[in-house]
Amino acid sequence: MHQPYTRAGFIGLGVMGEPICRNLARKSGLPVLGCDTDPAPLARLAVDGVQASNAADIMRGCDVVFLSLPSGEVVEQLARTEDGLLALARPGQLIVDLSTSPAQTARDLAADFAAKGAHFIDAPVARTRAAAEAGTLSVMVGGDAGLFERVRPLIATFASEITLCGPVGSGQVVKILNNMVLFETVVALSEARAIARRSGVDPQVLLETFTRGSADSFALRNHGVKAILPGDFPERAFPVDYARKDLRYALALAEQTGVSASGAQNVDRWFEAAIAEGFGNRYFPVVSRVIDPDSGATGKIPNRPA
């Protein structure tokens, strides 16, 4: 297939952005310019041919630009600041936001980029850092079908599942609700673990048996078995602070649509409690230790607050 783009830019090389950018550079056949406030990932990506740059030069020199940023608020700030993405946007240029942002932010930015003759689509990513490294992410796209087909080969360098969910903003709606369901499932697993342990049943027996029954799920196998059971809640994974940001986007959508999302509200209370205990920077299944604090299995959490 003819590649309609000649040079790619990548802004935001954090936990997910760095491996995504690496796959893009290795597999796309395009020169890639990278930008981040931390020089460390840029130094690592240099081996793969990624050239260190800045946001302004990326906007001036790249016809497709990927964003992988911590929040919609950061995306909007980068876009709307003086000499930001909008100010430098050029006709025909495509901005692909891989971040998780409010759907309305995506729609507003798409309209403002369109006024400059440029295009903006939302393409938030799901799954783990390991999936980002393996190039097997799931990407949920909101945007024009024609643009989607043009950029799909580039997204395929880091994703094995790519879904066009509808017009701009639809990808964000699906991603936000995906995370809402994931968080609720992790809380349910944490509650089940606590009940089983206090009832004299080995939590490992419980969760491993779940994998062979109707309670089986991605969340069980990846968050329950691999994190909750061993008590492995590292930093630089998807932390409670970030998870709560995504959950708040889901709660806002629920309010806007008149849905009483009581399950999501319950998760928010547990996230708030985890942050209060000093676990905000820990992998979000750490809520299991807040739900069952006397389990005696603090796992790999050093310096637990007194």
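Trainee: Hi! What should I know about the model before we start?
Mentor: It is predicted, so local features need pLDDT of at least 70 and side-chain atom pairs count only at pLDDT 80 or more, while totals for chains, interfaces and linings use all residues. Residues are numbered from 1 along each chain as its sequence is written, and side-chain values use heavy atoms, with hydrogens and water left out.

Trainee: Okay, how many helices and strands does the protein chain have?
Mentor: There are 14 helices and nine strands, taken as DSSP runs numbered from the N terminus (helices are H or I, at least four residues; strands are E, at least two).

Trainee: And what share of the residues is buried?
Mentor: Buried residues are 50% of the 306 in the protein chain. Buried means under 20% relative accessible area, with a 1.4 Å probe and protein chains only.

Trainee: Switching topic, how many aromatic pairs are there?
Mentor: The structure holds nine. Rings of Phe, Tyr and Trp (its six-membered ring) pair if their centres lie within 6.5 Å; planes under 30 degrees apart are stacked, over 60 edge-to-face, and the rest tilted.

Trainee: Are F113 and F120 stacked or edge-to-face?
Mentor: Their ring centres are 5.7 Å apart and the planes stand at 10 degrees, so that pair is stacked. Both F113 and F120 are buried.

Trainee: What about F183 and F271?
Mentor: That pair is edge-to-face, because the planes are at 70 degrees, with centres 5.4 Å apart. F183 sits in helix α9 (residues 170-198) and F271 in helix α13 (residues 262-276), so the pair ties together parts that are 88 residues apart in sequence. F183 and F271 are buried as well.

Trainee: Which aromatic cluster does F183 belong to?
Mentor: One formed by F183, F238, F271, Y283 and F284.

Trainee: Now helix α10. Which residues are buried there?
Mentor: In α10 (residues 203-210), P203, L206 and L207 are buried. They line one face of the helix, because seen down the axis of α10 the buried residues fall within an arc of 85 degrees; the arc is that of the directions from the helix axis to the C-beta atoms.

Trainee: What do they pack against?
Mentor: The buried residues of α10 pack against α9 and α11 (218-228), where contact means heavy atoms within 4.5 Å.

Trainee: Last one: what caps the N-terminal end of α10?
Mentor: D202 does, with a side-chain oxygen 2.9 Å from the backbone nitrogen of Q204.

Notes. A polar contact is a pair of N or O atoms within 3.5 Å; within protein, one must be able to donate a hydrogen and the other to accept it, and residues adjacent in sequence count only if both atoms are side-chain atoms.
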